[in-house]
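Subject: Structure handover, charged side chains

Hello,

Here is the structure for your files. Please keep it open while you read the notes on charged side chains below.

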Amino acid sequence: MTAGVETREFQAEARQLLHLMIHSVYSNTDIFLRELISNASDALDRLRFEAIAHPELIQEGAELQIVIERDEKARTLTVRDNGIGMSRDEVINLIGTIAKSGTKEFLARLREAKNADMPPELIGQFGVGFYSTFMAADRVVMVTRRAGESTATKWESLGEGSYTLEEVERPEQGTTITLHLKPLDEEDAHDVDYTKEWKIREIVKKYSDFVAYPIRMDIERTEYERDAEGKIVEGGKQEIKIETQTLNSMKAIWLRDEKEVSEEEYQEFYKHISHDWSAPLATISAAIEGTLMYRLLLFIPSKKPLDLFMREGSRGVQLYVKRVFIMDDCEALLPEYLRFIKGVVDSEDLSLNISREILQQNRQIERMRRGLVGKVLDALKRMRNQEDEKYRTFWGEFGRVLKEGAFQDRERQKELLDLFLFQSTNSDSELTSLNEYVTRMREGQEAIYYMTGESRKAVEDSPHLEAFRAKGYEVLILADPVDEVWTQSVFEFEGKKFQSIGAGGVELGSEEERKQEEETRKQKQETHASLLECIKNNLDEYVKEVRLSSRLTTSAACLVGDKGDMSPQLEQLLRAANQEVPTTKRILELNPSHPLLDKLQAIYDASREDPRLGDYAQLIYGQAVLAEGNQPPNPAAFSKLVSKVMVEAL
Ligand code: ADP
Ligand code: MG
C-alpha cells in the first residue's frame, strides 16, 4: 500500500446493502446508470443553488453537464459531472454509511424476511442509489472535489467490506465515477454489455430524458468517401469520426403540454423523483396563471412508503423557481395530511433566495399550498367518482393519513369527509362512504353512529353494539388510532350528528318504542335506585354513575362515557405521546333485563350489609373493562375474586 492511502470499513448496514447489490436481488441492472445520473443531476442542482449566493463557485464559461465515457477494451464506464462534489468527510459520511432511517428499517425487515421473499419494488423505496453500481461492476472508483475546495478525494472499493481513500488532484470541482464492469458472461445471451453505445443511449433516453442538464457522450460515426454527387464510393476511404452528442432532450417535463407527454414518460419521471419502483396511481398536472404563476406536476403513489408514519420521514414536493432547483421535500407546500404526495412545483414569482425559514410565513407559498390542496382533492374526487377500484387502493394505502385532514384542515373538512371510507356493521368487507351511510339511515335515526376500537374484531365483540345490532342499526367501525382524534373535533356531516355508541344515552327504534322503553327503564331505575347507589359507592374510585342501560341485550354490563368525554383509547394515545391527561371517570351501565340484576336486588333486599355486594360490584366492573379489551384495575385481585365467587357458587 502506498503512503496516504487509508482503508476504512463500511458501516454494518452499508455492508449489508452492498452484499444485497452484489448478489443482485433485482433483475433490472440497467437502473444503476439512472442512479448515477440522478446523483450527478442532484449535485448540479445543489451547485447551481449554492452559486446563487456564491457565484464564484461556478468557473466562468463552465457549462454544467454530465459526461458519460465508455471503453470497450478496458470494460469501463465513467460518469462525470461538474456539480457540487464531496469533501473527504462527506465521502465518508454519504458513501460509507447509511443514515437514512427508511433504509435502516428496510434492512431490518430484510433480516426478518428471507432474501428471496423481498419484493423487488421495496428495494427501490430506499434510494439505494450509489450502491447499485455494484450490480454491474466489481470495482468502483470515485474521484470527487467539493466546490470551493482545492484538493480532491479518491474513493475505491470492491464492494466487499472496505474501501480506500486517498488525496488526489482533480482540475475542477465535481465527481467522476468509474465502473470496472463485471466480465461478460459469454454463455448468457441476456447478459448486457454496458460499454455499448446503443445500450447507454437506450437507458438514458428511457430513464433520464428529462434531466435538466445535458448528458453527453462521444459517438463514433464512420464517414465514407463520396463522389461529387454525394454517393458513397465503393471501396473508397473510410474515416471514423467522433462527435459529442447530447443524449437527452432536457426538457423539464412539467413545462410540456400534458397531451404531448406519454404515460411512460410521466412514470419514469415519477420514479426519478420518488425512488419508488412502481408506477404512480395518478398524475396531476396543471399550469396556474394569474396573479400567481406556477406549474405543478404531482403524483399519488400506489404504495405507502415505510416512513409514512415516522416523524423524520421524507415529505413534501420539490420546489423550483423559474426552472432552478431550490429544494427537495418542501413541506410548506403541502399540509401534513397530504404528505404522501410527490412531485414538482415550479414558481415564476418566488425569489431564488427563498429559504426554508421564510417559506413558513410566505404568503405566496400559502396561496400555492391552497392551490395544491385543491388540485389533489379534485383529483381524488374524480378518482372516487370514476375509478372506484383505484380509489379503494388509494384509500387502503393513504386513508389513515387523509383522515388527519379532518382536524387539521377545517376549511376543507366537508370535502374530506366526502372522501372518507369506513368499515361498518353493514358489510364484512365493503367499505362505505358517509353519503352511503346516510342514505341507509333508518327512519327517525338522527345520528351517524360509530364506535372506535383497536380492531374491527374488538368493536364487533363489544357489548355496546348489542342493541344496535338487535334493532338493525348500522354502526361505523373506526379502528385506526387517528379515528380517536378526528372524531373529537368533527361533529356532524350534512346536518347529521356523529355519535359514538360508547357515549351518552342511546335512543333506538320508533318514537313509540322509545317512549315505552324509556318508561320501563325509568320504572326499573326507580325500583333499583338504592341498589345502583350501593354499587356506585363500591366503585367510587372508577365510575361517576351507575345506571340502567338501553344499549345492552345480552351482556350484563358495559362502560360508557358522557357525550364529549374522552374515550379511554384516546387517553391512552395522549399519554403515549407524553401528554398529561386526567383520567375521566366513566359510567357503568347495567342491563335491566339481565337476571343478574334481580338476583343482586334479592341479596340487597335481604341485607344491605351483605359483604358479597362489594365483591359483585368489583366483578361487574372488571368484566365490563375486560369486554372492552382492557385490564381490570387490579388483575390479580380480580382473578382471586373470580375463584372465590366460583367456590361459593359450586
Ligand atoms: P441518494 O441519492 O438517495 O441520497 P445515493 O446512494 O444515490 O442516495 O447517494 C448518496 C449520497 O452521496 C447523495 O445523497 C449525495 O450526497 C452523495 N453523492 C452521490 N453521488 C454524488 C455526486 N455525483 N456528486 C455529489 N454527491 C454525490
Ligand atoms: Mg441517488
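A search of the whole structure finds 54 salt bridges. A salt bridge here is a side-chain nitrogen of Lys or Arg within 4 Å of a carboxyl oxygen of Asp or Glu. This is a predicted model: local features need pLDDT of at least 70, side-chain atom pairs count only at pLDDT 80 or more, and totals for chains, interfaces and linings use all residues. Residues are numbered from 1 along each chain as its sequence is written, chains are lettered from A and ligands numbered from 1 in the order in which they are written, and side-chain values use heavy atoms, with hydrogens and water left out.

Some pairs in detail.

Arg88 and Glu6 form a salt bridge, with the closest N and O atoms 2.2 Å apart. This pair links distant parts of the chain: Arg88 is in helix H3 (residues 88-95), Glu6 is in strand E1 (residues 6-9), and they are 82 residues apart. Helices (H or I, at least four residues) and strands (E, at least two) are DSSP runs, numbered from the N terminus. Arg88 is partly exposed at 34% relative accessibility. Glu6 is partly exposed at 28%. The cut-offs: buried is under 20% relative accessible area, exposed is over 50%, partly exposed is in between (1.4 Å probe, protein chains only).

Arg339 pairs with Glu336 in a salt bridge, the closest N and O atoms being 3.7 Å apart. Arg339 is buried at 8%, while Glu336 is partly exposed at 36%.

Glu589 and Arg551 also meet in a salt bridge, at 3.0 Å from N to O. Glu589 lies in strand E23 (residues 586-590) and Arg551 in the loop between strand E21 (543-548) and strand E22 (557-560), so the pair ties together parts that are 38 residues apart in sequence. Glu589 is buried at 3%. Arg551 is buried at 0%.

Salt bridges with shared partners join Arg70, Glu72, Arg75, Asp193, Lys196 and Glu197.

Last, the surface. Asp185, Glu186, Glu187, Asp188 and Asp191 gather there in a patch of negative charge. Patch residues have over 30% relative accessible area and no salt bridge, and like charges are joined within 9 Å. Glu186 sits in the loop between strand E7 (174-181) and helix H6 (197-208). Glu186 is exposed, with a relative accessible area of 71%.

Best wishes

Conventions. Patches are made of residues with over 30% relative accessible area and no salt bridge: like charges are joined within 9 Å, nonpolar side chains (Val, Leu, Ile, Met, Phe, Trp, Tyr) within 5 Å. Accessible areas come from the Shrake-Rupley method with a 1.4 Å probe; for residues, only the protein chains shown count as cover. Lys and Arg count as positive and Asp and Glu as negative; His and the chain ends are not counted. The place of a charge is taken as NZ of Lys, CZ of Arg, CG of Asp or CD of Glu.
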